[in-house]
Amino acid sequence: MTTKDFTVKWLAYTLALLPVWLMECFLLSRYPLFGVKPMLLPLAVVAVATLEGGAAGAGFGLGVGFLFDAMIPGVPGLPILLLALLGLGVGLLAQYALRQDFVGCLLCSMLALAALDALRIAFRLFTGAAPLGAMLTLAGKEIGWSLCFVPFVYPLFLWVYHRVPKATVL
């Protein structure tokens, strides 16, 4: 793959991320359903990692992590690390254990969202911020609401995947 192909490929993925980010940041955050807001940026990382594999998923997760870190208050740098690791793990899982299609993306999305919420719950339990039952209920609603957007996020990145240059295997 030439440098130009590489640049075009990741520019296309970045442009595809733009409507997902705008929807999460400016539309869905203003109108929570049942008191929860969906997380779409991790779904974008999962979609790209499912299609491209572990290394590309980690790189895309790193970039999305910077955006997520700038958007969401919390521990600086943690979303960058978590989304990079999420992209790596999901990419390897989809590449070697699951199919790289919508069903694989949906399963990986469930696992990824559950893992992210488990880390958030563990942190809040450690600090004593809220009772476990309330946090589990909220996490279940958030995961369910976020999974409703997989049928919209995955086809967007699949469309890009089919139109960008692929790496050549010699």
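1. Helix α5 passes helix α6 in a right-handed crossing (a crossing is right-handed if the near helix is turned clockwise from the far one by less than a right angle, and left-handed if anticlockwise). Helices here are DSSP runs of H or I with at least four residues, numbered from the N terminus. The model is predicted, with local features needing pLDDT of at least 70 and side-chain atom pairs counting only at pLDDT 80 or more, while totals for chains, interfaces and linings use all residues. Residues are numbered from 1 along each chain as its sequence is written, and side-chain values use heavy atoms, leaving out hydrogens and water.

2. The axes of α5 and α6 come within 10 Å and cross at roughly 155° (axes are lines fitted to C-alpha atoms over the stretch in contact, with angles from 0 to 180 degrees between N-to-C directions). The two helices, α5 and α6, are therefore roughly antiparallel, a term for angles over 145 degrees. Residues in contact (heavy atoms within 4.5 Å) include Leu113, Asp117 and Arg120 of α5, and Ala139, Glu142 and Ile143 of α6. By class, this contact of α5 with α6 has twelve nonpolar, two polar and four charged residues (Ala, Val, Leu, Ile, Met, Phe, Trp, Tyr, Cys and Pro count as nonpolar, Asp, Glu, Lys and Arg as charged, and the others, Gly among them, as polar).

3. Helix α1 (residues 3–28) and helix α7 (residues 150–163) have axes that come within 10 Å and cross at roughly 160°. Ala12, Tyr13, Ala16, Leu17, Pro19 and Val20 of α1 make the contact with Val153, Leu156, Phe157, Val160 and Tyr161 of α7. Eleven nonpolar residues form this contact of α1 with α7, with no polar and no charged ones.

4. Helix α1 also crosses helix α2 (residues 41–52), at roughly 150° and with axes that come within 9 Å. That makes α1 roughly antiparallel to α2. Among the residues that meet are Lys9, Tyr13 and Glu24 in α1 and Leu41 and Glu52 in α2. The contact of α1 with α2 has eight nonpolar, no polar and three charged residues.

5. The largest pocket has a volume of about 1,000 Å³. On a 1 Å grid over the protein atoms alone, a pocket is an open set of points where a 1.4 Å probe fits, with protein on both sides within 12 Å along at least five of seven lines; lining residues have an atom within 4 Å of a point. The volume is the space filled by probe spheres set on the points, which are joined across faces, edges and corners. Of the 30 lining residues, Met39, Phe68, Ile72, Arg120 and Arg124 are the closest to the centre of the largest pocket. Helix α5 gives the most to this lining, with seven residues.

Conventions. Angles under 35 degrees count as roughly parallel, over 145 as roughly antiparallel, 65 to 115 as roughly perpendicular and the rest as oblique.
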